[in-house]
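Open your viewer and get ready to select a few residues.

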Amino acid sequence: MASKKIAIIDDDTLILDLYLRKFRDRGYEVLTMNDRTLSLEKLIAFNPPVILLDINMPTKSGLDVLQEMKKAFPKLPYVILLTNNDEQTLSSRGEELGARDYIVKVSKTPTEIADAVDAVIEGLS
């Protein structure tokens with residue numbers, strides 16, 4: 001079974017805290033970062049099988065982060081892009097860069113997002 005680890009990268013501290021609690025309650029080891037504290041070295045060392053990555057961040061876009069991750073990781077983890085915009089262009093660009101899924105945050109509850117991650121972890125086993 002894939003390890004129950006997840007990295008969450010988002011500029012919204014309320015979202016980070018909410019997801020941190022949700023995933024810890026489910027037994028996950030969680031690494032949270034925002035666009036200002038992002039460290040590819042920490043992310044690689046943590047080695048999560050799944051990463052939730054916000055697209056719209058003020059300092060660095062999630063697509064830019066994804067492009068850097070693609071170069072830095074020997075094998076890119078299962079990346080799920082998060083956004084509040086339902087723009088097909090963004091999801092297409094994310095897929096080109098290696099993202100495996102795309103979730104519009106306002107259309108899913110944290111429980112639904114955690115359920116989706118549980119299914120991914122189970123599928124990676």
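This is a predicted model: local features need pLDDT of at least 70, side-chain atom pairs count only at pLDDT 80 or more; totals for chains, interfaces and linings use all residues.

Residues are numbered from 1 along each chain as its sequence is written, and side-chain values use heavy atoms, leaving out hydrogens and water.

**Stop 1: the core.** Select Leu-43, Ile-51, Leu-53, Met-69 and Leu-81, which have the most contacts inside the largest nonpolar core, a group of 23 residues. Such a core joins buried Ala, Val, Leu, Ile, Met, Phe, Trp, Tyr and Cys residues through side-chain atoms within 4.5 Å; buried means under 20% relative accessible area, with a 1.4 Å probe and protein chains only. Now color α3 (62-72), which gives the most to this core, with four residues.

**Stop 2: two rings.** The structure holds one aromatic pair (ring centres within 6.5 Å). Show Phe-23 and Tyr-28: their ring centres are 5.1 Å apart and their planes are at 85 degrees, so the pair is edge-to-face (over 60 degrees). Phe-23 is buried at 0% relative accessible area, and Tyr-28 is buried at 5%.

**Stop 3: a charge over a ring.** Select Lys-5 and Phe-46; the charged end of Lys-5 sits over the ring, 4.6 Å from its centre (the cut-offs are NZ within 6 Å of the centre and within 35 degrees of the ring normal).

Technical notes. Rings of Phe, Tyr and Trp (its six-membered ring) pair if their centres lie within 6.5 Å; planes under 30 degrees apart count as stacked, over 60 as edge-to-face and the rest as tilted. Buried means under 20% relative accessible area, exposed over 50%, partly exposed in between (1.4 Å probe, protein chains only). Helices (H or I, at least four residues) and strands (E, at least two) are DSSP runs, numbered from the N terminus.
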